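Hi,

Here is the model we talked about passing on. Please have a look, and my notes follow below.

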Amino acid sequence: MSVQPDDPPEAGKLPTGRIARTARVGGLVTGQGLRWAGMRTANRVRTPERAAAAQSARTAALVGELVNQLGQMRGAAMKVGQMISMVEFDGLPEDQQDELQRSLAALRDNVPPVAFSDLEKLMRQEFGGPLRSVFSDFDERAFAAASIGQVHRATTVDGDEVAVKIQYPGVAEAVDTDLRNATLLLPLVKRLAPGLDAKALAAEMRERIAEELDYELEAQNQRAIERLMRGHPFVRVPRVHTDLSTRRVLVCEYVEGERFEEVRRAGEAERDRYGEIVFRLYFGLLYRDRIALGDPHPGNYLLCPDGRVCFLDFGLVRQVDAERVAAERAIALAVREEDPTALTEALLAGGYLPADRAEAVDADFALNLMRMAISWYAVPGGRRFSPEDAGRGRERERPDAEQRAAMRLQVNQFTLPPETILIRRMHGIVAVVLAQLRAGADWGAIAAEYLHAEAPATELGQAEAEFFARRRGHGA
């Protein structure tokens with residue numbers, strides 16, 4: 001959720017018409033399809049080096065247009081872009097790939113707020129009466145905005161300071177159209193990632209985005225996580241006002257705190273502590289509680305005066321089964337132990353490597369690939385992130401054109417199980433946040449607490465272990 005400037009731009013109209021929104025996506029697909037076909041034809045007479053360069057340029061242009069077009073539309077169009085940000089794009093140099101993925105992941109930023117008069121009408125419908133029957137004071141100016149709603153500060157008639165998240169009028173209808181149009185994007189996604197099961201990806205996106213539109217479901221998610229974290233030594237989750245929350249309005253306690261940009265300017269020790277708390281919240285929820293919280297955007301947490309970090313926004317959530325967590329742990333352990341055979345078995349078990357493609361993949365190549373992707377949290381060892389680090393914390397290698405071609409053949413054998421989208425998204429964005437914070441720690445040792453039940457690696461880990469031990473002792 002992005003904080004808005006003091007004088008935000010006038011909000012544009014939400015393009016809800018199905019024809020208009022379909023035309024945007026359809027025009028994007030048709031235009032890029034023709035350009036892609038032209039590139040493929042021209043590549044038949046080009047040298048391998050020029051053909052590779054042409055494909056790289058066309059892929060960059062394709063994803064760039066996806067960013068621009070989807071970024072003009074609220075709702076599912078933007079969410080589709082954010083989901084696609086976790087896909088590995090074929091034919092791009094690593095630096096361009098990371099930059100484009102960061103651009104897609106940032107689609108939610110700089111969203112202009114909607115006029116308050118439109119929101120007031122919606123809230124009257126949701127509450128069944130005027131705002132004064134619910135709130136004694138309501139700030140008409142939004143202090144945060146995102147892809148499907150914006151947030152205002154208010155005081156209830158009982159005197160509670162609250163944050164009120166209101167869904168944009170018409171966004172549900174626009175999202176419905178976008179979800180129907182998501183299938184139109186499949187040919188583009190397939191070109192960008194030939195090994196991907198694009199239809200399964202689209203189905204997962206439709207389910208997750210539809211759930212995010214239901215603020216009553218988000219309230220349930222937030223209540224469940226708030227109960228898990230109630231009394232936690234360094235994590236805070238705002239309590240939900242269930243009686244005031246509806247399908248399109250979510251009301252929870254208002255929490256004061258420093259925003260991410262303020263923390264980025266703090267000293268090293270404070271940044272390191274903050275980064276470790278962010279890491280622990282998301283990794284702990286996944287590997288301890290089997291909850292994939294898929295939106296670790298830096299606008300979604302605050303540094304409270306008491307030193308705790310308050311986490312916000314629980315719309316993009318997926319319950320993860322024990323088998324999936326076990327597969328992720330096995331992959332991390334194989335990377336840690338540098339065991340290519342065990343890694344191949346774990347990738348097969350986890351669905352990342354289809355059985356009918358396994359023989360086409362070199363086990364040592366797969367190990368090197370996964371080391372680049374996850375060694376930052378899978379392998380113990382101190383590391384300080386920097387803004388120049390890759391978006392997902394990968395170590396950099398610069399293969400030549402021939403090596404890149406061979407790598408593409410191997411990479412295209414892998415796929416992305418739809419149920420892992422939020423997991424991969426969480427891992428990736430947490431790494432981006434740590435890089436922005438320039439945070440340092442032994443991330444592998446901290447992760448091992450959650451991945452492999454190892455002893456606490458830091459003071460924060462010890463405090464958290466004692467907290468959950470007390471909870472278990474009290475039967476909570």
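To start with a question: is glycine 382 buried or exposed? Glycine 382 is exposed, because its relative accessible area is 71% (buried means under 20%, exposed over 50%, partly exposed in between, with a 1.4 Å probe and protein chains only).

Before the rest, two notes on the source. This is a predicted model, in which local features need pLDDT of at least 70 and side-chain atom pairs count only at pLDDT 80 or more, while totals for chains, interfaces and linings use all residues. Residues are numbered from 1 along each chain as its sequence is written, and side-chain values use heavy atoms, leaving out hydrogens and water.

Back to glycine 382: you will find this residue in the loop between helix H14 (363–378) and strand E12 (383–384). Helices (H or I, at least four residues) and strands (E, at least two) are DSSP runs, numbered from the N terminus. Leaving aside residues up to four places away in sequence, glycine 382 touches Ala441 and Asp442, where contact means heavy atoms within 4.5 Å. Glycine 382 and aspartate 442 are 60 residues apart in sequence, yet their C-alpha atoms are 4.0 Å apart in space.

Now for the backbone. Most residues other than glycine have a negative phi. Arginine 438, however, has a positive phi near 55°; arginine 438 sits in the loop between helix H16 (421–437) and strand E13 (440–441) and is partly exposed, at 29% relative accessible area. Glutamate 338 also has a positive phi, near 55°, and lies in the loop between helix H12 (322–336) and helix H13 (340–349).

Best wishes
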